[in-house]
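Let me put the thing up on the screen, and then I'll walk you through it.

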Amino acid sequence: MDAVQRAIDLLGGLDSFVSPGQRVLVKPNLLQMTPPEKCVTTHPEVVYAVAKLLRDHGCQVTIADSAGGETPFTTARLQKLYEVTGMAKAAERAGATLGTEARYVEVPSPQGRVIKRFQVIAPAAEADAIVVVSKAKTHVLTTMTGAIKCIFGVLPGMEKPSLHGRMPDVDSFSDMLLDLNEAVKPRLQIMDAVMGMEGEGPSGGDPRHIGAILASSDCVSLDIVAATLMSFRPEEIPVIARAAERGMVDSSLQVKVLGEDPGGLAVADFKHPPRAKSAISNKLARGRLVTHLLRAYALRPAINKERCIGCGICARSCPQQVIRIARGKARIKYGRCIRCYCCHEMCQEKAIGLERSRSGRFIARLMEDSKARS
Ligand code: SF4
Ligand code: SF4
């Protein structure tokens with residue numbers, strides 16, 4: 001609570017963002033129905049602290065999100081999501097309500113580069129202000145997930161895999177995330193970077209202590225600092241690079257930081273995700289041969305048959321419908337797989353890894369050799 005209060009005070013206090021009486025949505029990262037100790041979701045203590053401070057400020061507070069992948073957008077599933085992730089208790093303690101109504105509203109995105117209209121859950125579309133409470137994690141598609149990506153959860157249920165299907169490469173997906181942030185305009189960003197996730201995030205990685213609470217009025221600036229804490233160079237995060245190209249942040253990616261120096265808090269050996277697609281710029285993807293090589297090079301999802309329990313969550317989350325369950329195990333037909341990694345993201349058994357095909361390994365070796373020679 002103290003750390004959240006201090007972070008907001010450094011920005012000038014809640015008065016700078018919301019007024020008493022306003023309806024405020026507190027939007028955590030609730031990717032999966034998993035308990036807080038797995039570090040897949042924003043920790044309920046941080047959500048509680050934000051909600052309580054807003055309540056004490058006189059705001060009407062709702063905590064709401066929509067889980068990833070195939071999770072049906074229904075009242076019963078939302079209630080279960082809030083229960084398992086600790087949000088129900090956090091809301092009760094803070095005097096906030098939970099957004100359990102499975103309703104969404106169309107929100108225009110006139111300035112959007114790739115999307116002009118979004119379907120958005122009602123508590124986000126109808127709030128006077130949105131406070132995003134994100135989680136610092138790695139991400140096999142977008143390299144890291146923090147403030148910018150957290151807003152993806154305001155899209156209801158299957159709308160998320162559907163957009164993954166329409167934006168299969170990381171640059172257009174990043175543009176869509178920036179469009180969405182511009183459309184719903186969160187007022188304040190808080191990040192739970194106390195325990196982050198390293199390795200194969202956003203759900204298949206391991207919890208890792210970082211020890212920070214971050215706050216900002218701007219999602220891109222916050223992610224630049226979070227990237228530094230996780231020992232990334234901010235420019236290697238595709239969505240930050242896109243934001244800089246769009247003029248949403250200073251091209252030097254320098255951010256004025258109040259409070260402790262993030263360089264001193266950075267976790268030097270933070271385990272980064274395997275380089276999935278970002279190792280080769282999507283801008284090169286012109287011409288059939290280059291497209292074919294890029295596709296072969298990109299890591300593909302691989303089922304670990306020992307761990308797979310045949311639950312079918314991956315199959316229902318796949319925008320291309322290329323996963324089926326046969327003899328109690330998931331199988332992937334790679335022909336139409338777009339490497340969106342929704343299946344990897346949603347598997348709760350860590351039964352989907354990432355690997356290169358034989359030709360992908362060959363290309364990777366050639367690239368290593370040419371790097372060594374240059
Ligand atoms: S891979 Fe994971 S999500 Fe898919 S069926 Fe197996 S256990 Fe379920
Ligand atoms: S199988 Fe391919 S297209 Fe389907 S969810 Fe996994 S990565 Fe995406």
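So, the shell around ligand 2: by class that's 12 nonpolar residues, one polar and one charged. In total 14 residues surround ligand 2, and the closest are C318, C337, C340, Y341 and C343. Please keep in mind while you look at this that the model is predicted.

Now over to ligand 1. What are the closest residues around ligand 1? They are C308, C311, G312, C314 and C347, out of 13 residues that surround this ligand. The shell around ligand 1 splits into 10 nonpolar, two polar and one charged.

Okay, helices next. I'll start with α1, which covers residues 2-10, and its crossing with α2. The two axes come within 9 Å and cross at roughly 55°. That angle makes α1 oblique to α2, and the crossing is right-handed. Who's touching whom? On the α1 side we have V4, Q5 and I8, and they meet V46, A49, V50 and L53 of α2. Sorted by class, the contact of α1 with α2 has six nonpolar residues, one polar and no charged ones.

Stay on α2, residues 44-56, because of its other partner here, α4, residues 87-94. The axes of α2 and α4 come within 9 Å and cross at roughly 25°. Angles under 35 degrees count as roughly parallel, so α2 is roughly parallel to α4. The α2–α4 crossing is right-handed. From α2 the contact takes in P44, E45, V47, Y48, A51, K52 and R55, and from α4 it takes in M87, A90, R93 and A94. The residues of this α2–α4 contact come out as seven nonpolar, no polar and four charged.

V170, D171, S174, D175, L177 and L178 are the α8 residues in the contact, while α10 brings P238, V239, R242 and A243. By class, this α8–α10 contact has six nonpolar, one polar and three charged residues.

How many aromatic pairs does the count come to? The count comes to one aromatic pair. It is F152 with F173, edge-to-face, with 5.3 Å centre to centre and 80° between the planes. This pair links distant parts of the chain, 21 residues apart: F152 sits in the loop between α6 (147-150) and α7 (159-166), and F173 is in helix α8, residues 170-184.

Two backbone spots before I stop. Which peptide bond is cis, with omega near 15°? That's the bond from G201 to P202. You'll find P202 in the loop between β8 (188-198) and β9 (206-216). The other spot is S231, which has a positive phi of about 60° although it is not a glycine.

Conventions
Residues are numbered from 1 along each chain as its sequence is written. Chains are lettered from A and ligands numbered from 1 in the order in which they are written. This is a predicted model: local features need pLDDT of at least 70, side-chain atom pairs count only at pLDDT 80 or more; totals for chains, interfaces and linings use all residues. Side-chain values use heavy atoms; hydrogens and water are left out. Axes are lines fitted to C-alpha atoms, for helices over the stretch in contact, and angles run from 0 to 180 degrees between N-to-C directions. Helices (H or I, at least four residues) and strands (E, at least two) are DSSP runs, numbered from the N terminus. Angles under 35 degrees count as roughly parallel, over 145 as roughly antiparallel, 65 to 115 as roughly perpendicular and the rest as oblique. A crossing is left-handed if the near helix is turned anticlockwise from the far one by less than a right angle, and right-handed if clockwise. Contact means heavy atoms within 4.5 Å. Ala, Val, Leu, Ile, Met, Phe, Trp, Tyr, Cys and Pro count as nonpolar, Asp, Glu, Lys and Arg as charged, and the others, Gly among them, as polar. A residue is near a molecule or strand if one of its heavy atoms lies within 4 Å of it. Rings of Phe, Tyr and Trp (its six-membered ring) pair if their centres lie within 6.5 Å; planes under 30 degrees apart count as stacked, over 60 as edge-to-face and the rest as tilted.
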